[in-house]
Structure formats: structure tokens, C-alpha cells
Amino acid sequence: MTSATTGPSDSTGVRELAALPQAIAPGRDLWPQIAAVLAPPPNSVGAAPQAPRKRAAVRWVPRLLLASVPVLVAVTVWIWFEFGGSTVTHTGERLVWAPSGPADRRVVSAPAQVASLAAGLRPEVSASLAAIHTAQSGIKAAMAADGESPLLREMLASTRREEARVLMAAQHADELAGQR
Amino acid sequence: MKPSAADGNSEVSVIERAQKGEVAAFEELYRQHVGRIYGLCLRMLRQPDRAEDCTQQTFINAWQSLRSFQVRSAFGTWLHRIAVNVVLAQRPHTVQGMAPSDTVDVEQGWVLDTPVEVSELEAAIASLPAGARDVLVLSGIYGYSHAEVASMLGIAEGTCKAQLHRARLLLRKRLASEENEK
């Protein structure tokens, strides 16, 4: 409050304004109704104003979302490396997990598995695998020009799944032949 | 009406306690300021019931935003700003200075327990149009500057000065006519 409008030099008849009482008592005690609104819920500690709490909660939400991003990325990458495009290959007595994700790691090579098959099965399996490998070579050549193409990636993954399916079928047939 | 330094320090500690959620401390602040807040609301609204409602709402709003209050500022001024906002929100949206209350008669029930001259002055203020009355009350009675009044009411400083000029002319006229009637 920096200046009063009226003062001793005011001869307009309204200089009495400044002398009017600033405070006027209300006709009743207004506090009980105010206190009823301010009263905290029974299970809360203290009676802290509510609006700032809401603001504090809103302030934390973006931080929590931000903090969750690295976790989500880590989990996604882990899932991709662990399960993305992987193949399960049956090698006789145990299942060999041969991931073919980004690292393109192969635990068991196809030629080694073909070599372990019965002699009668090998030509047919080799011919199937050769056809698949030819297709893979064509796809990889195309990917050299456009490595980001999702269609080519899917086609390559499809050939690997087919390769695994052929090997598993051959292994199964080999086991059946061995039992006879 | 300026508080002493000791009073100021005392009020600061009460405010800080209230900011921590102590309702008893906030009640202390209420007791200290309710008269000035009710006085402002009553002069702006001219209706005791509505003035009481606005006073209550002012303190509720103050409690809810108490943590944002900077103790360096004047608590009374901060409360007044809230009260003005509450009062303005109560009024129907109209062009500034042409509120419907301009044409409404002053409520007959509002009689102050004060000497006749003061009562006449209050009645003359109450008879002013809303826009002019708001400026006159904040500036003339509560001592706020044009800039502060303009900021509180959300109007231009030039408008504030014009409204004050208008209010003073009208007030003089009404007081003069009352004097002539005697």
C-alpha cells in the first residue's frame, strides 16, 4: 500500500475516506465453517494444504515416466536378444537353442547336423537346405542395398525359421529310422 | 495500520507454522485479518450475506495456496488480492464499470454501528456504481496505489484513475445533496 487517494489537502469532501475503519466485524463467527473445510482427513498426518500436494504429485509423474524409459529399453533389448527370431533345433537327445537375432549367433551349424543324419536322409535334407541357402543369399544381397527394409528382414527371418523346421523334421525322421 | 517489526516477526512465524499445515496457526491469521477482509468484501458487494460467503472463500483459497505465499510479502495484501478475486468471481461477467449492481439499490439492511457521518459516508460509497466503488474502496479506504488497484482488479491503470475520478465526483455530489437535505 503505497499511497492514499485522499489526504489533508483534499478539499473535495471525501478526505474522510482514509479515516474510515478498514476492518468491519462480520455478524457471526465465520471460522467454524472454514475450519470444517480445512480439516484434514482422519488418517492423514497434519493438515497440510491440499493443492500443493496435487502439484507435487503432478511434478513427479514426468520424472517417473522418464526414469522408466531406460528400464523399458533395457527390457526390450533383453527380450530381443533372448527371444527375437530365435530358433529351436533338436539335436538328438537335447534341444539346442540357436538364436538368430541381431548377433546372428549359431550354436549348432546346419552342416554338422546334416552330417549326423542317416545317409538316406542327407540328400533330401541337403537339397532343401541348399534351396533355402540360395534364397538367403539372394535376400542378403538385396539387404546390402537396403539393409533397413523390414520386408527383407522378415523374409530372411522366415528362411531361417524354415531352415530350422527342415533340420528338426530331418532329426525327427532320423530318430524314427533309428528306432526301427 | 502498519504492523510493528515485532508484530511482523510474530506474524511470519505464525505464517510459517500455517504453511506447515497447522490449522491453529491459520486460525490465528484468520482472527487477525478477518475484519479487514470482511470490510473489503462488504464494501465491494454491499450485501452482508454474500460478504460473509466471500470472506470464508477467501480464507479457504488462502489455505489452499498458502505454500506459494512468500513470507517476504505482506500477508494482508496477499489476502486482499485473493478477496478481490473471489468478489469479482461472484459477480456476473460484465463490462468493467457497468456492472448490474450499478442499477441496484443499496441494500437497506446494511447499517454500520458508527457515528452518523461515517454511516452517511459508507452509504454514499455503497451507492456508487460497482466499478467506481471498487476503485474508491481499495484506493481511498485501504490505501492501495493506482498500480496496485489496477493489478488487483485486472484493469488498466488509466481506467483505474478514470474510475477513481468518477467515484470522487459522484461521492461529492451525493454527500452535497445529503447536506442540502438537512
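Predicted model: local features only at pLDDT ≥ 70, side-chain atom pairs only at ≥ 80, totals over all residues.

Let us begin with B:Ile125 and ask what this residue touches. Leaving aside residues up to four places away in sequence, B:Ile125 is in contact with A:Leu17 and A:Leu20 of chain A, and with B:Arg133, B:Leu136, B:Val137, B:Ile141 and B:Leu171 of chain B.

As general background, nonpolar side chains in soluble globular proteins tend to be buried together.

I turn now to the charged side chains. How many salt bridges are there over all chains? The count is seven, and I shall discuss some of them.

Consider A:Asp29 and B:Arg31, whose side chains form a salt bridge with an N to O distance of 3.0 Å. This pair crosses between chains: A:Asp29 belongs to the segment before helix 1 (31-38) of chain A, while B:Arg31 sits in helix 2 of chain B. Are these residues buried or partly exposed? A:Asp29 has a relative accessibility of 41% and so counts as partly exposed; B:Arg31, at 42%, is likewise partly exposed.

B:Arg31 has a further partner, B:Glu27, and here the closest N and O atoms are 2.9 Å apart. These two residues are separated by about one helical turn, because they lie four residues apart in helix 2 of chain B. B:Glu27 is partly exposed as well, with a relative accessible area of 25%. Taken together, A:Asp29, B:Glu27 and B:Arg31 are linked in a network of salt bridges.

My last pair is B:Glu122 with B:Arg43, a salt bridge in which the closest N and O atoms are 2.4 Å apart. Where do the two partners lie? B:Glu122 is in helix 5 of chain B (residues 116-126) and B:Arg43 is in helix 2 of chain B, so placed that the pair links distant parts of the chain, 79 residues apart. Both B:Glu122 and B:Arg43 are buried.

Thank you for your attention.

Technical notes. Residues numbered from 1 in each chain as written. Chains lettered and ligands numbered in written order. Heavy atoms only, no water. Contact = heavy atoms within 4.5 Å. Salt bridge = Lys/Arg side-chain N within 4 Å of Asp/Glu carboxyl O. Buried < 20%, exposed > 50% of the residue type's maximum accessible area, 1.4 Å probe, protein only.
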